[in-house]
Every structure is written in C-alpha cells, then in structure tokens.
Amino acid sequence: MIMNNRLDYIAIDFETANYCKNSACSVGLVRFIDGKETDSCYSLIHPAKMYFIPEWTRDIHHISYDDVRNKPYFPEVWDTIVMPFIKQTPDIPLVAHNGNTFDIPVIQNCCNYYDMELPKLEYFDSLTVARKTWPELENHKLTQLGEYLGIKYLAHDALEDSRTCGKIISFAANKWKVNSIEELLKACNTNIRSF
C-alpha cells in the first residue's frame with residue numbers, strides 16, 4: 001500500500017457525455033505536495049462510440065459534440081497524458097470526490113471497453129473525508145463544500161473540480177490538525193483503496 005508521512009496526493013475528476021461510465025469526455029488532474037498545488041493537466045476526450053451528448057449534460061459541463069469530435073480517445077489520453085502525469089510521483093494516491101461511485105468506475109469502465117489492462121493505482125474518496133470532517137453540513141457535494149469553504153471555482157469543469165477536491169483535502173487536514181494522508185484517513189475512519 002502506498003503511504004507516506006506527507007500530505008501528498010493527486011486529485012482527479014472526469015466528466016462524462018451521459019450516464020454511461022465509459023463515456024468520459026474530459027479529465028483533469030491536480031498534484032498536491034504538502035497540501036499545496038504544484039502542477040496540473042487537462043484533456044478533452046472523444047467518448048467511446050461518440051455518444052450523443054444530450055442537452056442536460058451540455059448544460060452541466062458545457063462540453064459539446066463539436067468540442068470532442070476531433071479529440072483523442074480514452075486510451076491515448078490515458079497513456080500519453082494521465083499516466084505520465086501520475087508516474088511523475090508514483091508513491092502518492094489519487095483522490096476523487098465521490099470517486100468510489102463515479103470517477104474510479106469511469107476509469108474501470110473505460111479500460112474494460114477498450115480492453116485495456118486496469119492500472120495498479122491507489123486512491124481515497126474526498127466525499128468520505130468531507131462527511132467525517134464536517135458532519136454538521138446537510139450536503140457534501142463538491143459545489144456545497146466549495147461554497148462553505150470559500151473556494152470559488154467553475155463547477156463541473158474537470159480541472160476545476162479536481163483542484164477543488166484537492167483543496168478540500170487540505171482544509172480537512174488543517175481542521176484535523178494532521179500532516180499526512182495516513183493521519184487524515186485514520187482520523188476520518190477510512191483508508192486507501194486499490195484497483
């Protein structure tokens with residue numbers, strides 16, 4: 001299991017063309033070292049089967065068919081952008097907001113669709129951390145947490161969502177007065193998962 005004694009992690013977020021978990025149409029990653037952003041990357045993705053992007057999803061993430069029709073497919077984005085970014089700091093986990101039910105299944109479903117080998121990665125979910133850290137809040141959606149913590153950002157933009165997710169982890173560590181992911185996850189009674 002990856003673990004170190006620092007507050008190091010990579011926040012990741014996907015947007016999808018529709019409800020299908022293999023319809024990724026954008027990805028954003030932001031690296032945090034000692035709880036501070038150090039670098040980031042972003043890419044649009046040509047969805048599998050060129051899924052129709054319905055109006056309701058366009059209204060959420062503002063990505064249209066024209067935006068993605070000439071973009072690379074998931075395997076190319078994964079191999080040339082995402083994994084090289086992750087491999088720059090291979091000993092730190094990923095974090096995603098509601099990652100257990102959305103972002104990680106997007107990776108798994110896209111890999112399955114394209115018959116790609118699943119990467120050996122470790123991750124934790126910032127939604128779980130937020131619920132334990134701020135139990136008094138009625139809602140722990142990324143937008144609500146951002147507003148509560150004074151984080152101004154463009155919601156449902158993969159890069160902005162990643163950045164906000166990462167900042168939430170930093171805020172949570174400060175509230176718990178901890179200096180590492182290991183201590184934070186212990187305080188929140190959760191742990192690193194792998195796939």
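I began with β5 and β6: the two run antiparallel and are joined by two bridges. Strands and helices here are DSSP runs, numbered from the N terminus: E of at least two residues for strands, H or I of at least four for helices. I counted two strands as paired if DSSP finds at least two bridges between them. E122 stands opposite S194 of β6.

A note on the source: this is a predicted model, where local features need pLDDT of at least 70, side-chain atom pairs count only at pLDDT 80 or more, and totals for chains, interfaces and linings use all residues. Residues are numbered from 1 along each chain as its sequence is written, and side-chain values use heavy atoms, without hydrogens and water.

Next I looked up the whole sheet. It is open and mixed, with six strands in the order β3-β2-β1-β4-β5-β6. β3 (36–44) and β6 (193–194) are the edge strands, each pairing on one side only.

Then I turned to helix α4 (residues 103–113). Which of its residues are buried? They are D103, I104, P105, V106, I107, C110 and C111, where buried means under 20% relative accessible area with a 1.4 Å probe, protein chains only. Their cover includes β1, β2, α3, β4 and β5. After α4 comes D115, with a positive phi near 55°.

My last entry is on α5 (126–133) and α7 (158–176). The contact (heavy atoms within 4.5 Å) involves S126, V129, K132 and T133 of α5, and C165, I169, A172, K175 and W176 of α7.

Conventions
Buried means under 20% relative accessible area, exposed over 50%, partly exposed in between (1.4 Å probe, protein chains only).
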